[in-house]
Amino acid sequence: MSAEVFTEHVLVWLGPVPLTRTMATSVATSLFLWGALAPVGRAVARTPEGRLAAAGRLMYRFLRNLVTETVGHPSRGLEIFSGSLFLFIAGAALLGQLPGFAPPTTNLAATSALAVLVFLAVPFAGIRARGLSGYFKRYFQPSPLFFPLHLVSELSRTLALALRLFGNMMSGHLIVALIVALVGLLVPVPLMALDLLIGLLQAYIFTILASVYIGAAIRVGEEEGA
Amino acid sequence: MSEHTILALVSIITAGLTMALGAIGAAFGESRIGAAGMDALARQPDEAGAITRNQFVALAMVESTAIFCLVIALVLLFANPLLPAR
Amino acid sequence: MSPALTNFLFEAANFLVLAAVLGWLLFKPVRRALDAEQARHAQETEAARHLREEAEVLAREARAEREAAGREREARRREMLASARNEALQAAEASKRAQVAERQRMEKELQDWRDASASELVDTVGRIAAESVRRLLSAFDGPALDLALVRAACAELDSVPVEARGAALVESARPLDARSRTLLEEALGGGVHERVVGELGAGVRVTTPAGQVDATAVAVARQAARSVNRVRDAHGVSLEGG
């Protein structure tokens, strides 16, 4: 296991396409979320008085507030994007507590994929909100000299996003694995709890940062329009 | 002592140093953020939500440096490009 | 294809699919439910606000009605109070007037009674006086009285004009004595036609064409009574208690 920090664990080759363990765990996470949350959505729609519906409503409110407070106004697409980010990362951290299950977020390629999605979502949302020129004006905002700085900022924050998530999840997972290897039963439980806490916290932070980045792209247009 | 052994030794020592020094800066920074956050919370309990959110964001930012150090340490330990793949 | 690149692409696709699935199965129904709930809340709030406005209007109307009723009651009360006061004043006035009239009537009655008693007293006094005089004169009955009365008649005759003194009739209770006749002849300046009238009591009564001089006891007594009456008539109330 020591060699699997950066390397891909290929389960099986389907012709030229490798099927890695991370792919399997991420699909498992997605299926878990689907299986767990689809009933919640159904419950909210059909039996609004039930506990499941209340839980779903609470969760939705939490995510919507998270987005609304960072963006400044409700945004349907951003709600779904950021909410899914939070649910995916939190669900992965949750599933990571299962023995022998390495969350997909302990893989640098996976976290990079999420960070790149955020990186791509920023111009997407900005252009959709303010138009092409309205969005790209912000790269030359104080003066055109700042264009390279803006570019570097966007790239570096994407890198930081990916590495932060990867580092936190990986370190937690690694520490638990180490303690399990050294001591065994029950001793890693507090560290697993800490790992879970850090995982949920990282989900929150990742979501907030993604919302802030995308919200900034939307908001810049608003300020110019105002 | 072979060349590879020296490289491995230096890599391990450097990884430990990287982690230690990187953690110091992040620890100091995060402690200051925590103190400032508590201060702000004590002054304005009504703004607890916004303060906590921004505090977490700032903590994540500062922690990034420590995480970068961790990643570099992990690279040195597990994916050292100078060492032959195991 | 390298495992890392495959992993990266698969991860991105996986997340997008997951986001789509969650957006379809979780976020949409929850958002719809919350929106519906919010809309219902807004509607209910609106309805409640409407109801409250209606209630406020009703309350305002009720308050206005109550105030109007209160004003009317107050006006009626004031009116009743004023009329009652008026009536009381009128009654007081009437009673005062009645009292005054009663007092006046009583005063008048008293006055009448006083007057009546005074005149009765005076009459009695006059009668007593006349009676006394007559008795006195009767007591003095005799020539001296006759002579005195004749002198008085003569003195009175002096005021009668001389040319009217002739043809006088002298009446007396008793036949005139010489001295009286002399005096009368002197006073009348002529002859004396005499006649005796017993009921005169004493004295003489001289009748001339110009008038009559009565100097008999009866006349004196009547004169006294008349004097008393005159005094009473002149002083009226001052006689009371006298």
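Q: How many residues of chain C are in contact with chain A?

A: Contact means heavy atoms within 4.5 Å. In this predicted model, 27 residues of chain C are in contact with 46 residues of chain A. Local features need pLDDT of at least 70 and side-chain atom pairs count only at pLDDT 80 or more, while totals for chains, interfaces and linings use all residues. Residues are numbered from 1 along each chain as its sequence is written, chains are lettered from A and ligands numbered from 1 in the order in which they are written, and side-chain values use heavy atoms, with hydrogens and water left out.

Q: What area is buried between chain C and chain A?

A: The size of an interface is often given as the accessible area lost when the parts come together. Buried area here is that loss with a 1.4 Å probe, summed over both parts. Between chain C and chain A the value is about 3100 Å², and carbon and sulfur atoms give 76% of it. On the side of chain C, the residues that lose the most area to chain A are C:Phe15, C:Phe27 and C:Arg31, together 20% of what that side buries.

Q: How many salt bridges cross the interface of chain C and chain A?

A: A salt bridge needs a side-chain nitrogen of Lys or Arg within 4 Å of a carboxyl oxygen of Asp or Glu. The rule finds 2 across this interface. A:Glu79 and C:Arg31 form a salt bridge through their side chains, at 4.0 Å from N to O.

Q: Which classes make up the side of chain C that touches chain A?

A: Ala, Val, Leu, Ile, Met, Phe, Trp, Tyr, Cys and Pro count as nonpolar, Asp, Glu, Lys and Arg as charged, and the others, Gly among them, as polar. That side of chain C has 19 nonpolar, 5 polar and 3 charged residues.

Q: How many residues of chain A are in contact with chain B, and what area is buried there?

A: In chain A, 21 residues are in contact with 15 residues of chain B. The buried area is about 1600 Å², with 78% from carbon and sulfur atoms. A:Phe6, A:Leu163 and A:Arg164 supply 29% of what chain A buries against chain B, more than any other three residues. The rule finds 0 salt bridges between chain A and chain B.

Technical notes:
Buried area is the accessible area (1.4 Å probe) that two parts lose on being put together, summed over both.
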